[in-house]
Amino acid sequence: MPIPEDFPKGYNPLGKINHSDGEHFHFRWGPGRLAEASKDENCIESFKARGEKIEPLGVSGTMVAVDWDSCVADGACIEACPVQVFQWYRTEQDIPANKTIDATFAGTGSSEKEHRADYTDKADPIREHDCIWCMACVSVCPPQAIKVDQSNLEHHEKAAGTFVKMETGSVNPHAHH
């Protein structure tokens with residue numbers, strides 16, 4: 001099920017997934033809902049084997065948004081991404097997805113399609129800031145669980161409290177000088 005065209009409208013930040021560089025992070029947005037992952041046999045079996053319950057998780061990332069409720073751990077996005085935006089988060093920290101909020105990751109998890117921990121693992125856009133907007137991940141995701149929209153940077157900055165409104169004739173605070 002595709003992420004709504006007007007994402008993140010109707011969503012609120014649940015918390016951050018921090019990058020250990022101390023500079024970058026991305027939001028997890030909610031509310032979540034039960035979607036493709038809750039109906040996928042591989043996911044159902046993997047959650048059962050871990051003794052974990054499939055529960056609504058929401059969307060990880062803002063400009064590169066992955067609907068973790070739809071993600072079935074196929075790995076096509078990880079394989080397609082030319083700049084390794086994604087990692088299997090459980091290959092770095094083997095914790096339930098609901099424990100990733102406010103956790104810090106170094107980005108040392110696997111970016112190899114077949115290296116997922118199991119089908120409870122999720123493709124996390126830990127290096128969202130490195131995205132080159134090629135849309136390769138969007139075009140290959142079987143459940144259409146990814147939305148890439150560079151203009152969502154404004155929503156990220158507003159949620160982070162760092163948004164600066166551009167005034168006519170002012171200097172762009174995002175420009176590289």
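**Cysteines, a sheet and a histidine loop**

Cysteine 137 is buried, with a relative accessible area of 8%, a value that, like the others here, comes from a predicted model. The sulfur of cysteine 137 has its closest cysteine sulfur in cysteine 131, 6.4 Å away, which is too far for a bond. Cysteine 81 is likewise buried, at 13% relative accessible area, and its sulfur lies 6.2 Å from the closest cysteine sulfur, that of cysteine 134, so this pair too is too far apart for a bond. With a disulfide requiring two cysteine sulfur atoms within 2.5 Å, the count of disulfides comes to zero.

Six strands form an open sheet in the order 6-1-2-3-4-8, with mixed pairing, and its edges are strand 6 (104–105) and strand 8 (146–148), each of which pairs on one side only. Strands of a sheet pair through backbone hydrogen bonds, either parallel or antiparallel. Strand 4 (residues 64–67) and strand 8 run antiparallel and are joined by three bridges, with valine 64 standing opposite valine 148 of strand 8. Elsewhere, helix 4 (residues 153–160) lies across strand 1 (12–19) and strand 2 (25–30), running at about 90° to strand 2.

Histidine 129 sits in the loop between strand 7 (123–124) and helix 3 (136–140), and it counts as partly exposed because its relative accessibility is 35%. Leaving aside neighbours within four places in sequence, histidine 129 is in contact with His19 and His24. Its C-alpha atom is separated by 24 Å from that of proline 143, 14 residues apart along the chain.

Note on methods: Residues are numbered from 1 along each chain as its sequence is written. This is a predicted model: local features need pLDDT of at least 70, side-chain atom pairs count only at pLDDT 80 or more; totals for chains, interfaces and linings use all residues. Side-chain values use heavy atoms; hydrogens and water are left out. Buried means under 20% relative accessible area, exposed over 50%, partly exposed in between (1.4 Å probe, protein chains only). Helices (H or I, at least four residues) and strands (E, at least two) are DSSP runs, numbered from the N terminus. Contact means heavy atoms within 4.5 Å. Two strands pair if DSSP finds at least two bridges between them. Axes are lines fitted to C-alpha atoms, for helices over the stretch in contact, and angles run from 0 to 180 degrees between N-to-C directions.
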